[in-house]
Amino acid sequence: MAAVQDGQLNMEVEKDIKTEITNDGSGNINANSSSPGSTSSGGKSKSPAGSGEDQQTLLAVLQFLKRNKLTESVDILRREAGLSADADDSPVSDSAGAGSGGVPNVSADGGDANSLLSRVSIATPFAPPATAPPKVVAASGGEDQPDVNVVLSAYSQQGDPVLYPLYYNGLKKFIESVLDCHRAELSQVFYPLFVHMYLELVYNNHENEAKQFFEKFSGDQECYYEEDLRILSSMSKKEHMKGNETMLDFRTSKFVLRISRDSYQLLKRHLQERQNNQIWNIIQEHLYIDIFDGMPRSKSQIDAMSGSLAGEGKRDANKAKVFYGLLKEPEIEVPLDDEDEEAENEEGKPKKKKPKKDSMGSKSKKQDPNAPQQTRIPLPELKDSDKLDKIMNMKEATKKIRLGPDNLPSICFYSFLNAYQGLTAVDFTDDSSLIAGGFADSTVRVWSVTPKKLRRVKSAADLSNIDKESDDVLERIMDEKTASESKILYGHSGPVYGISFSPDRNYLLSSSEDGTVRLWSLQTFTCLVGYKGHNYPVWDTQFSPYGYYFISGGHDRVARLWATDHYQPLRMFAGHLADITCTLFHPNSNYVATGSADRTIRLWDVLTGNCVRILTGHKGPIHSLAFSPNGKFMASGATDGRVLLWDVGHGLMVGELKGHTDTIYALKFSRDGEILASGSMDNTVKLWDTLKAFDDVELDDFTAATGHIHLPENSQELLLGTYMTKSTPVIHLHFTRRNLLLAAGAYNP
């Protein structure tokens with residue numbers, strides 16, 4: 001960081017560090033390192049060397065600022081610290097202990113390092129992304145990258161490299177010998193332990209021993225870590241570790257294990273009896289053990305939740321209340337159609353019955369008890385055109401087909417033929433009148449799928465001649481000479497990976513490899529704004545269901561919330577350990593879901609910016625998300641070919657749908673939420689009975705607290721139908737207002 005460079009301070013771990021374990025009462029294990037001259041967070045009193053250490057730290061910072069000719073910053077810091085003008089001229093010794101007035105050797109995870117870094121960096125609760133770390137600004141305003149040596153220094157505490165296989169094998173034999181009920185839980189320790197023992201050997205230049213250790217034990221790891229292990233095997237030298245994304249992921253995030261108290265006590269007793277400090281130190285330093293009271297979980301229950309880059313989500317991460325209910329709809333009177341009026345005149349009463357309320361919670365006029373306050377976040381006011389659109393929507397809803405196991409939807413598939421430009425993204429408008437495609441040649445193309453052609457607004461000179469009071473003014477402003485079935489939008493300088501129509505059909509968003517998100521007008525078919533905030537490719541962008549706000553996520557691992565009239569993001573959601581591959585607004589627009597290549601899904605509160613849910617269970621990068629119309633449930637699809645169903649309120653997995661054989665790129669609930677459609681790279685569309693899947697779920701407080709989920713193996717019972725294309729991967733799905741299913745993809749001959 002700004003003040004830790006070129007060996008100015010030696011960030012090492014003393015070999016005779018004593019460790020102690022404290023339990024915070026909630027079952028979470030915190031490791032506190034205590035070394036000479038450092039303060040243990042678990043202790044009650046400070047070390048007498050603390051004040052001397054603080055002074056030496058200040059002197060080190062002053063010397064760094066002086067060396068970089070930052071005289072103004074030196075004066076400010078000296079004045080605030082009350083130091084004399086010549087105080088920073090005394091030399092700082094790297095090797096001296098605290099007792100001799102020098103800077104003590106400190107651990108990167110110990111209190112001393114944190115004390116130092118907090119003085120020179122901006123504190124952040126999130127792990128710094130390897131590809132685009134948060135900028136650390138020194139007093140002068142200069143920028144610098146986090147010091148990789150600080151990150152790696154935890155691996156400098158080493159034992160005899162020959163003993164590593166013996167330590168690991170000894171623990172393996174012990175876990176294999178315990179009772180079956182504990183074995184599954186304790187086996188979770190193998191993978192993170194294997195990774196960090198291997199990295200310790202590599203960091204300390206024991207290349208041959210590291211290679212032998214990897215070859216001997218890598219085959220014991222779960223199959224879903226295969227890709228991570230492949231990347232790990234490429235780090236065979238210390239030089240490979242510096243600046244490596246995967247290395248920083250492993251190092252900067254503690255691997256979370258959820259273990260019952262009985263299983264944890266068994267492990268702790270075994271390591272203490274064997275005095276196996278090497279493994280115990282790794283567990284303290286790199287693992288977060290989330291302990292719960294109760295029965296241990298079974299192998300199937302653990303497998304259902306594991307697979308992400310940093311283990312399971314902490315239980316505390318899913319305890320925040322989520323207002324998943326829908327906002328109260330504005331009261332708009334729906335005028336009767338001509339057909340309805342005729343029927344009423346002939347028979348004296350309306351012909352059509354009032355449609356029944358949807359069981360999955362269609363938008364109700366009553367306030368949902370689980371809904372956020374109407375004014376929790378500012379939403380745009382309804383324009384007259386929006387009200388007209390809502391009236392049309394309500395009329396369409398009266399003609400909506402009620403879907404179910406005995407009444408499946410018709411499917412209309414849009415195949416993009418001769419798409420040599422490479423189709424990368426598709427979206428439909430809510431009223432299904434327009435379809436847009438993003439292409440690898442950096443263009444965006446928009447088609448009309450109704451007989452009505454696309455037209456531009458007339459030029460300013462022509463508009464001045466139009467009678468603005470006429471009834472058909474909206475028609476008169478359109479230029480008939482420009483009418484065509486499709487339009488091409490140019491502006492991006494890289495492949496377009498995400499597109500999204502605004503709810504009012506006036507705008508279109510597109511995100512690209514060039515790091516920008518562009519807002520296009522569908523009246524003039526020109527680019528209105530280019531939003532620049534991401535430094536790397538932007539994989540996805542989505543409009544809010546109410547318009548105005550939109551979300552973007554990409555390779556820099558940070559999701560950004562924007563408003564169309566602000567050129568800078570309103571919120572930045574940081575926490576993922578790998579690329580954000582898909583984004584989606586909750587139906588009430590108060591939350592945003594992000595899926596990532598770190599194999600987790602996170603739910604973010606738009607108002608506070610906090611992460612309120614961390615959902616783990618996928619074994620591959622996540623590429624599709626969908627919320628049920630009532631906002632209570634969510635579905636996700638990934639490269640592992642599985643669709644997982646989640647209860648948003650409890651933050652729990654409630655279903656697993658197996659059947660696809662390739663990446664799932666598209667998910668969509670029907671308008672009433674009773675059917676889920678999934679589209680995959682295996683050239684199929686599958687329909688699932690989600691009403692039955694959600695009705696079978698019974699959640700209680702114990703299940704929510706411990707994660708003892710019992711997923712029924714009923715994928716085949718829930719599968720309502722499979723529809724194959726000739727050779728077209730399915731990359732987008734959309735239900736029309738009458739529940740006709742539209743699908744899209746590029747034909748791949």
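1. In this predicted model, β14 and β15 make a hairpin with 5 residues between them. R505 sits in that turn and has a positive phi of about 65 degrees. Strand β14 covers residues 496-501, and its pairing with β15 is antiparallel, over 5 bridges. Within this pairing, S500 is placed opposite L509 of β15.

2. β15 also pairs with β16 (residues 516-521), again in the antiparallel sense and over 5 bridges. Here Y507 has S521 of β16 as its bridge partner. The hairpin of β15 and β16 has 3 residues between the strands, and G515 takes a positive phi near 85 degrees.

3. Is strand β15 enclosed or open? Of its 6 residues (507-512), 5 are buried, so the strand is largely enclosed by the rest of the structure.

4. A separate site worth a look is H660. This residue lies in the loop that runs between β29 (652-658) and β30 (664-669). H660 counts as buried because its relative accessibility is 7%, and the cut-off for buried is under 20%.

5. Which side chains make polar contacts with the side chain of H660? One is that of S678, at 2.7 Å. Another is that of D682, with a polar contact of 3.1 Å.

6. Leaving aside residues up to four places away in sequence, H660 touches G641, S678, S680, D682, T684 and K686.

Technical notes. Residues numbered from 1 in each chain as written. Predicted model: local features only at pLDDT ≥ 70, side-chain atom pairs only at ≥ 80, totals over all residues. Heavy atoms only, no water. Helix = DSSP H or I, 4+ residues; strand = E, 2+ residues; numbered from the N terminus. Buried < 20%, exposed > 50% of the residue type's maximum accessible area, 1.4 Å probe, protein only. Polar contact = N/O pair within 3.5 Å; in protein donor to acceptor, adjacent residues only side chain to side chain. Contact = heavy atoms within 4.5 Å. Pairing = 2+ DSSP bridges.
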